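Here are a few friendly notes to read alongside the model. Take them one point at a time, and keep the structure open as you go.

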Amino acid sequence: DKLFWLDFNPRVRHIPNPTYIHASEDMRSHGGMEIVWVGRICPEKQIQDVVRAIALVKKTCPDVRLRLVGTGPEKQLKELRNVVVGLGLEENVTFEGYVSDVIPCYTKASVMCLTSKYEGYSLTLYEAASCGLPTVMYELPWLDYCNAFEGMLTVAQGDVEGLASNISRLLTNREEWQERSDALFHSYQISEQIDVTAYWVNLFH
């Protein structure tokens, strides 16, 4: 976006969003068999893809659990529940609904999954990173996060098998899980040091 607008006007600034969570070791994820998905339940979030991915993961990790955090229109929820039942995942998928404090959801999880078709700024990515939670996501290469953070695993949009494969890898390879957890946690710690106020002061000057 910045490069695009610079074609028309030299006075263009890119100011990152501030972080609001202080990363601490107390919030770190410790692994396990739980996947978390956080967001509004709506078509552009493509939440059914993560459910289908869990059906594939279950073949190699039968104890896997998916926690869906968020809510949406009743029509969307009904369609999603039908997908869960159709795939025989009633014992593997939990609908949490709206949660005011999402950090414990990340801390308890072993992997965070993001299936959005598009995002302008995905707060969930930063929340998960603040807990050192390894993330498997659809490619969103224009996000600041994807350029500044290390440790996430990305697959092409719509690649459900790719989601499943990467989730399974993290669940079964503790060494890689830890490496990616540390990388994301360290990336978040670096992002905390950015002085967003200085960006704005510079802009006003």
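**Notes on the fold and its cores**

1. Let's start with contacts across the sequence. In this predicted model, 72% of the contacts in the protein chain between residues at least 6 apart in sequence join residues at least 24 apart.

2. Next, the overall build. The protein chain has nine helices and six strands. Its radius of gyration is 18 Å, close to the 17 Å that the globule rule gives for 205 residues, so the chain is as compact as a globular protein of that length. Along the principal axes, the C-alpha atoms fill a box of roughly 60 × 35 × 30 Å. Of the 205 residues, 46% are buried.

3. Now look inside. In soluble globular proteins, nonpolar side chains tend to be buried together. Here the largest nonpolar core has 33 residues, and those with the most contacts inside it are Ile35, Val50, Val51, Leu66, Leu68, Ile167 and Leu171. At least two residues of this core come from each of these elements: the strands β1 (34–38), β2 (65–69), β4 (111–114), β5 (135–138) and β6 (153–155), and the helices α2 (47–57), α3 (74–86) and α7 (160–172). The helix α2 gives the most, with seven residues. A second, separate core holds 28 residues, including Ala23, Val102, Cys105 and Ala129.

4. How many of its 11 residues are buried? Eight are, so to speak, tucked away, and α2 is mostly covered. The buried ones are Ile47, Asp49, Val50, Val51, Ala53, Ile54, Ala55 and Val57. Their cover includes the strands β1, β2, β4 and β5, together with the helices α3 and α7.

5. Setting aside neighbours within four places in sequence, Ile167 is in contact with Ile35, Val57, Val111, Cys113 and Val136.

6. Finally, a pair of helices. Two packed helices are described by the angle between their axes and the distance between the axes. The axes of α7 and α8 (residues 174–192) come within 5 Å and cross at roughly 100 degrees. Angles of 65 to 115 degrees count as roughly perpendicular, and α7 and α8 are therefore roughly perpendicular to each other. Where they meet, α7 brings Arg169, Leu170 and Thr172, while α8 brings Arg174, Glu176, Trp177 and Arg180. The residues of this contact divide into two nonpolar, one polar and four charged.

Terms used
Residues are numbered from 1 along each chain as its sequence is written. This is a predicted model: local features need pLDDT of at least 70, side-chain atom pairs count only at pLDDT 80 or more; totals for chains, interfaces and linings use all residues. Side-chain values use heavy atoms; hydrogens and water are left out. A nonpolar core is a set of buried Ala, Val, Leu, Ile, Met, Phe, Trp, Tyr and Cys residues joined through side-chain atoms within 4.5 Å. Buried means under 20% relative accessible area, exposed over 50%, partly exposed in between (1.4 Å probe, protein chains only). Helices (H or I, at least four residues) and strands (E, at least two) are DSSP runs, numbered from the N terminus. Contact means heavy atoms within 4.5 Å. Axes are lines fitted to C-alpha atoms, for helices over the stretch in contact, and angles run from 0 to 180 degrees between N-to-C directions. Angles under 35 degrees count as roughly parallel, over 145 as roughly antiparallel, 65 to 115 as roughly perpendicular and the rest as oblique. Ala, Val, Leu, Ile, Met, Phe, Trp, Tyr, Cys and Pro count as nonpolar, Asp, Glu, Lys and Arg as charged, and the others, Gly among them, as polar. The radius of gyration is taken over C-alpha atoms; the globule rule is 2.2 Å times the number of residues to the power 0.38.
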